[in-house]
Amino acid sequence: MTMQLKCICLYGKNGERRDVTLNLSKVNVITGASKKGKSSLIDVVEYCLGSSECNVATGRITQTVGWYGILLQFPDSQVFIARAAPLEGQKSNSACYLRVAREVELPPFPEIENTSNIDAVVSFLTAKLGIPEHVTEVPDYQTRSNIHIGFKHSRFYLFQGQDEIANKRTLFHRQAEPHIPQAIKDTLPYFMGAAEDDRLAELENLRNLKRERTRLQKRIAETEGLEGDGLQRGYELLAEAADVGLADPNIVVGDDDLIRVLGDIASWHPSKVEGTDDSGEAYVQIERQYRAVSEKKKNIRARLRAAENYDSTMGGFEQTVEGQHLRLRSIGLYKNLSKSSACPVCEVEHGGHSSGELVILNAIADLRGKLEGVQRNRPRVTSYLNSLREEDSNLAQEMKKIRGALEAIRRQDPEVLDQASLDEKRARVAGRISLYIESVDFGDENLPALRSELETLYSQISALEEQLDPERLKERLEAQLSCVSESMTKWARELGLEHSEHPIRLDVSALTVVAETPFGRTPLYRMGSGENWVGYHLVAYLALAKWFIEQNRPVGRFIFFDQPTQVYFPSDNSITGKLDEIEEDEDREAVKSMFEWIFSVVEHLSPGLQVIITDHADIDEEWFQEAVVDTKWRGDEALIPTHWYQ
């Protein structure tokens, strides 16, 4: 269980609090007549979880409620969030109250105050669910912006409003709103697990490797140029050194002594200007400090590259093992094609797995064990990488400050500025001489080492580009959707939905459910009757929830369904919610079967999933009545007590 709903609270302007307490890891039914506030519960919960607008319908709720609150249950703690109702004429209010504890006692109205804001609350929930920094990738030929994935993008899989659950054109929550469909398409690969949690770090690593490749290519080109010119280039550098005062203009050097003399020049360091005050000495000291920090930064960068290479290797191993695991699971999809368990020799029915199935199951278990080992080590590697990156960033800031101090001294003392300008020229000459000596004196060893390092970089870049290839991510997502499709097809057949004799799957490109028929894909909007539309919404959401639970993805472990029986019940005339209000015997049986199926799925996934259903239906069965929470909202009973507005 990552996050479930413990309680929904309304704080009346009269100072009272109205609680709707829910059961964890079970089906919760809130039943009642029309216009009693059932559908507003989804809007209340979503508003407290960071919705940009408060969509609670204008009426008694908005007239009497000052704060909306929810109590969330996490494995290690409880989180209470209260959000102020919008002021008159406004669509939302950012004022929030947040309390976190092992067990939270619901606060009375006088204790509710503005201690936070909704952006901070959403950031807290993002971190609490374990969603790392992750940015979606946009192809170069498209103009839309990247998305920084957070908790708000997981809400698409938690709610099905009354106008959504029976909609044949849209499948996901808020899909009909502008820009939302593209946001779902961009973020679904992450929540499914197709895009690894460390993908952003790997992309940054790839950029760093490419920058290092460019730097190394330039260094090799320079070294090859120096090595090709030979001694002639050495004498030219000696002349340059004489021009800037690093050597006697009248010096005569033979070929045998050229490297030695140039070596002495290459070791040159700036010194204090004669006749100047302490600013010259300060300049030299600060410049030495700059070189020391620069050298330290080089060492940190080298350690960072080594750690990133190790992390990349570990990630590649993990991805390979995960790919094999998914392929083995996909193989398991076809085991239902043959229903017979009879021995082909004696034709006697037998139980247990075949040898082939045992091989697959053992391989899956072995791969899962390897994956768990890698995942246990990843937090330590990530922590080490983060510490190196932080130290690298701090050193960069320190170098920036030192450069500022050097510039300040240069502006204040013209003589120091002249000396600094001369020192810069001398430093450039000394640097070229140093590079020349390395290439000539040790060229046979140095240049091959550089070329070998470049080849290693090419291999690392190629491996990362292949790992981060968008097409590979798409293939991985398709493999995962095939696993989800197994549950969808099985459950669609249990509900007796049309076209379920064919494989049922999610079509991410169109954000709908499709049946894979011999004549092509049949999308949801071409499947007749509201019964099918509601059924496939339920099947899709519960199948995704099952995947999120099994793969431990950072998505809340509850689903809110509003009015799933609307296609059967005469909601405008419904009084008791009993099944006998439905005219057709076939429809009454369908309603009962639908609820029984939801209960069985939640029980199968227990304690991983909580389902909250608001509906007219009130089935006279023990298992249903035990799931009814709060009072039945009929007559004077409703979400808002009558004395709040009378």
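The model is predicted, so to speak of local features pLDDT has to be at least 70, side-chain atom pairs count only at pLDDT 80 or more, and totals for chains, interfaces and linings use all residues. Residues are numbered from 1 along each chain as its sequence is written, and side-chain values use heavy atoms, with hydrogens and water left out.

**Overall picture**

- The chain holds 15 helices and 13 strands; helices (H or I, at least four residues) and strands (E, at least two) are DSSP runs, numbered from the N terminus.
- Of its 646 residues, 49% are buried, where buried means under 20% relative accessible area, exposed means over 50%, and partly exposed is in between (1.4 Å probe, protein chains only).
- Take the contacts in the chain with a separation of 6 or more: 71% of them come from residues 24 or more positions apart. Contact here means heavy atoms within 4.5 Å.

- Five of the five residues of β12 are buried, which leaves the strand mostly covered.
- Phe-558, Phe-560 and Asp-562 point one way from β12, while Ile-559 and Phe-561 point the other way, and all are buried.
- β12 pairs with strand β8 (residues 159-160) in the parallel sense, over two bridges; two strands pair if DSSP finds at least two bridges between them.
- Ile-559 is bridged to Val-611 of β13.

**The β9-β10-β11 sheet**

- Here three strands make an open sheet, in the order β9-β10-β11, with antiparallel pairing.
- β9 and β11 (520-523) are the edge strands, each pairing on one side only.
- On average, neighbouring strands of this sheet are turned by 40° against each other, direction ignored.
- Four bridges link strand β10 (residues 512-517) to β11 in the antiparallel sense, and Thr-517 has Gly-520 of β11 as its bridge partner.

**Helices α13 and α14**

- Two packed helices are described by the angle between their axes and the distance between the axes.
- For α13 and α14, the axes come within 11 Å and cross at roughly 5°. Axes are lines fitted to C-alpha atoms, for helices over the stretch in contact, and angles run from 0 to 180 degrees between N-to-C directions.
- That makes α13 roughly parallel to α14 (under 35 degrees counts as roughly parallel, over 145 as roughly antiparallel, 65 to 115 as roughly perpendicular and the rest as oblique).
- From α13, the contact residues include Val-534, Leu-538, Leu-542 and Lys-546; from α14, they include Met-594, Trp-597, Ile-598 and Val-601.
- The residues of this contact divide into 11 nonpolar, one polar and two charged. Ala, Val, Leu, Ile, Met, Phe, Trp, Tyr, Cys and Pro count as nonpolar, Asp, Glu, Lys and Arg as charged, and the others, Gly among them, as polar.

**Salt bridges**

- Side chains of opposite charge can pair when their charged atoms come close.
- The count comes to 20 salt bridges, each being a side-chain nitrogen of Lys or Arg within 4 Å of a carboxyl oxygen of Asp or Glu.
- Arg-505 and Glu-478 form one of them, at 2.9 Å, N to O. Arg-505 lies in strand β9 (residues 504-507) and Glu-478 in helix α12 (residues 470-495), so the pair ties together parts that are 27 residues apart in sequence.
- In that pair, Arg-505 is buried at 9% relative accessibility, whereas Glu-478 is partly exposed at 34%.
- Lys-546 and Glu-550 meet at 2.8 Å, N to O. Both lie in helix α13 (residues 530-550), four residues apart, about one turn of the helix.
- Lys-546 is buried at 14%, and Glu-550 is partly exposed at 38%.
- Asp-618 and Lys-578 make another salt bridge, at 3.6 Å, N to O. Asp-618 sits in the loop between β13 (610-615) and α15 (622-625) and Lys-578 in the loop between β12 (558-562) and α14 (585-605), so this pair ties together parts that are 40 residues apart in sequence.
- Asp-618 is buried at 3%, while Lys-578 is partly exposed at 27%.
- Salt bridges that share partners join Glu-478, Arg-505, Asp-507, Glu-516 and Arg-521 into one network.
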